[in-house]
Amino acid sequence: MNQHITASLLLALSSICSATVNAQVTVKEAWIRATVAPQKVTGAFLQITSKQDAKLIAVSSNIADNVEIHSMEMEGDMMKMREIKDLPLPAGKTIELKPGGMHIMLFGLKKAVKEGEKIKLNLTVEDNKKQRQQVEVQATVKAMNGGM
Ligand SMILES: [Cu+2]
């Protein structure tokens with residue numbers, strides 16, 4: 001009887017532990033560039049670190065119709081943005097998305113985003129076992145030149 005109770009307790013504990021193990025992605029310094037009314041596009045920036053090899057495969061936000069991950073690459077003399085389908089997150093390495101570099105782009109904004117607001121971003125991260133995890137991030141809206 002006692003043994004049975006111990007076993008189910010262990011089982012319960014181990015499922016709690018595996019839930020914690022999945023929380024392997026940390027996001028810091030998330031911010032979004034403020035917009036003025038007619039503007040339908042803006043950029044989001046953050047620092048993301050995964051404890052395991054993983055990749056960022058999607059970002060969404062309830063204020064935008066479509067969200068893409070972009071890289072900036074030189075093409076001749078021009079900097080060009082290109083959509084990245086998945087952004088590799090090597091174990092333990094902090095990947096920085098910042099103005100002039102890789103960034104998240106929000107299209108079809110449903111409203112202007114104002115300085116000081118908090119906007120929710122949902123990140124989908126897939127590990128090398130194809131297990132997906134949702135990471136919810138609160139990004140702070142900063143003025144046009146904030147953080148540059
Ligand atoms: Cu872009």
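My entries cover the metal site, then the strands, then the core.

**Metal site.** I reminded myself that this is a predicted model. I then looked up the protein donors of the copper ion and found His70 (ND1), Met81 (SD), His103 (NE2) and Met105 (SD), 2.1 to 2.2 Å from the ion. The angles among the 4 donor atoms run from 95 to 116 degrees, and the site is tetrahedral. I wrote down the spacing of the donor residues as H-x10-M-x21-H-x1-M. Met81 sits in strand β5 (residues 78-83) and Met105 in strand β8 (residues 103-109), so this pair, 24 residues apart, links distant parts of the chain.

**Strand β2.** I moved on to β2 (residues 42-50), where 8 of the 9 residues are buried. Which strands pair with β2? I noted β1 (residues 25-33), antiparallel through 6 bridges, with Thr26 opposite Thr49. Strand β7 (residues 94-97) is also antiparallel to β2, with 4 bridges, and Leu46 stands opposite Leu97 there. β8 joins β2 over 3 bridges, again antiparallel, and Ala44 faces Ile104.

**Core.** The largest nonpolar core has 31 residues, and Leu106, Leu121 and Leu123 have the most contacts inside it. I followed Leu123 beyond its neighbours within four places in sequence; its contacts include Val27, Leu46, Ile48 and Val135.

Note on methods:
Residues numbered from 1 in each chain as written. Predicted model: local features only at pLDDT ≥ 70, side-chain atom pairs only at ≥ 80, totals over all residues. Heavy atoms only, no water. Donors = N, O, S within 2.8 Å, 3.2 Å for Na, K, Ca; no water. Tetrahedral: all angles 85-135°; square planar, octahedral: opposite > 155°, others 65-115°. Helix = DSSP H or I, 4+ residues; strand = E, 2+ residues; numbered from the N terminus. Core = buried A, V, L, I, M, F, W, Y, C linked by side-chain atoms within 4.5 Å. Buried < 20%, exposed > 50% of the residue type's maximum accessible area, 1.4 Å probe, protein only. Contact = heavy atoms within 4.5 Å. Pairing = 2+ DSSP bridges.
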